[in-house]
Amino acid sequence: MRSSRYFLPVLKEDPSEAQVVSHKLMLRAGMIRQLSAGNYNWLPLGLRVLRNIQQIIREEMDRTGALELIMPTMQPIELWQESGRGGYGAETLKAVDRHERTLIYGPTHEEVITDIFRKNVKSYRELPLNMYQIQWKFRDEIRPRFGVMRGREFLMKDSYSFHTDKASAEETYINMYRAYLRIFSRMGLKAIPVQADTGPIGGDLSHEFQVLAETGESALYYDKAFEALIAADQPDVEAMRKLYSAADEKHDAANCPVKPENLKQGRGIEVGHIFYLGTKYSAAMGAKVLGADGKEVVPEMGCYGIGVSRLAGTIIEASHDKSGIIWPEAVAPFKVGVVNLRQGDEACDRASEEMYKKLETAGVTVLYDDRKESAGAKFATMDLIGLPWQAAFGPRGVTAGTVELKNRKTGEKHEISAEAAMNKIMGK
Ligand code: ATP
Ligand code: MG
């Protein structure tokens with residue numbers, strides 16, 4: 001992609017409406033723009049990140065055997081009356097259609113998936129079944145804030161599982177717990193699973209996945225031993241499950257099993273939440289299957305959410321410096337920025353174009369800054385948007401047959417041949 005043809009409205013100054021660093025940087029880097037309170041446009045650069053986040057989630061969900069589907073955003077309110085929830089409290093956004101029927105813009109999809117299930121699944125042989133979607137949700141949050149962290153319209157991965165018994169539901173619950181740790185770790189995040197309240201979703205067992213951050217909205221208590229466990233590349237799930245951790249509402253100082261000197265208190269950003277639901281929805285909505293003995297069974301359920309759009313902000317909270325974002329490779333909007341330091345200079349143009357084309361041919365995503373801007377402005381933009389690599393061609397280097405390759409994360413720079421730079425970028 002050529003910068004001259006791209007839509008990248010970067011801002012030099014911190015926008016006054018943003019309080020947290022991720023919100024500031026997402027606006028400054030031209031990733032998002034607010035349309036109305038808690039409602040964001042995802043501009044081309046932001047959308048690339050959102051897509052990469054979704055891709056990691058899809059790969060890991062597919063790996064667990066979960067099946068992707070998509071359900072409508074607009075749901076008939078009758079389903080919510082059947083389940084007994086009635087709606088989603090003050091956060092419910094309603095609309096009335098031309099037949100005077102009330103629809104809810106889905107804040108979550110337990111009712112819809114249970115409706116699919118009861119109409120289509122007949123036998124225990126079809127279980128367990130775990131289905132997920134990546135879909136926009138609407139919750140009329142009282143205080144939308146921090147940009148995409150607490151939006152009103154936001155993107156969620158939500159899955160729902162069905163089982164003949166509790167043991168099977170628990171097995172899937174643990175598989176999701178494990179998959180979630182892998183998903184966050186692939187994005188460069190260290191998430192702590194904490195015991196949580198089930199809120200309006202219901203059920204009696206649940207964990208939130210919390211990324212430690214000062215700006216996090218949740219207060220947490222956890223065993224100090226989590227620190228070593230979450231630092232590991234391959235999280236030891238068995239060890240983690242034995243440790244104490246709880247969200248504010250669940251924490252009970254009087255009955256806490258952890259010695260005060262080993263109990264850590266912190267703030268976190270909730271990036272995921274898993275629930276064991278029991279038969280709350282299946283029983284209320286009349287979902288049942290024929291069991292092995294020919295008797296009807298009301299399926300046990302679980303549901304598992306990830307804040308996809310919130311993750312984009314969370315990754316930035318966890319990975320930035322004073323110059324801008326530092327994208328982990330797995331979610332970076334482009335892997336490399338090729339910077340032509342003297343656009344219009346024949347030798348610089350030729351060298352930059354050649355590298356740009358070679359990288360694209362090799363399947364590497366590249367943003368090629370071919371604009372007539374100062375070197376300083378180009379570097380500032382590259383630092384701000386945080387691509388993992390920058391390859392800069394200037395007159396002196398081009399004469400010597402070299403490019404300046406910079407690693408955004410370490411700040412290391414090397415004057416090397418274009419070929420050596422390509423190899424480094426491609427990890428050869
Ligand atoms: P919170 O406590 O932050 O309001 P929640 O517990 O209501 O979230 P869940 O119903 O568990 O949210 O939804 C699953 C995931 O969706 C959350 O873990 C979070 O990452 C994300 N999420 C929830 N609400 C929002 C929102 N308003 N904006 C962005 N992401 C959200
Ligand atoms: Mg939650």
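Colleague: Is histidine 273 buried or exposed?
Modeller: The cut-offs are under 20% relative accessible area for buried, over 50% for exposed and partly exposed in between, using a 1.4 Å probe and protein chains only. Histidine 273 has a relative accessible area of 11%, so it counts as buried.

Colleague: And what should I keep in mind about the model and its labels?
Modeller: It's a predicted model, where local features need pLDDT of at least 70 and side-chain atom pairs pLDDT 80 or more, while totals for chains, interfaces and linings use all residues. Residues are numbered from 1 along each chain as written, chains are lettered from A and ligands numbered from 1 in written order, and side-chain values use heavy atoms, without hydrogens and water.

Colleague: Which residues are the protein donors of the magnesium ion (ligand 2)?
Modeller: Donors are N, O and S atoms within 2.8 Å of the metal (3.2 Å for Na, K and Ca), and sites may look incomplete because water is not among the atoms. Here the protein donors lie 2.2 to 2.3 Å from the ion, and they are Glu270 (OE) and His273 (ND1).

Colleague: How far is the side chain of histidine 273 from an oxygen atom of ligand 1?
Modeller: For a polar contact with a ligand, I look for a pair of N or O atoms within 3.5 Å. Arginine 139 has a polar side-chain atom 3.0 Å from an oxygen atom of ligand 1. For an N or O atom in the side chain of histidine 273, the distance to a ligand 1 oxygen is 3.1 Å.

Terms used:
A polar contact is a pair of N or O atoms within 3.5 Å; within protein, one must be able to donate a hydrogen and the other to accept it, and residues adjacent in sequence count only if both atoms are side-chain atoms.
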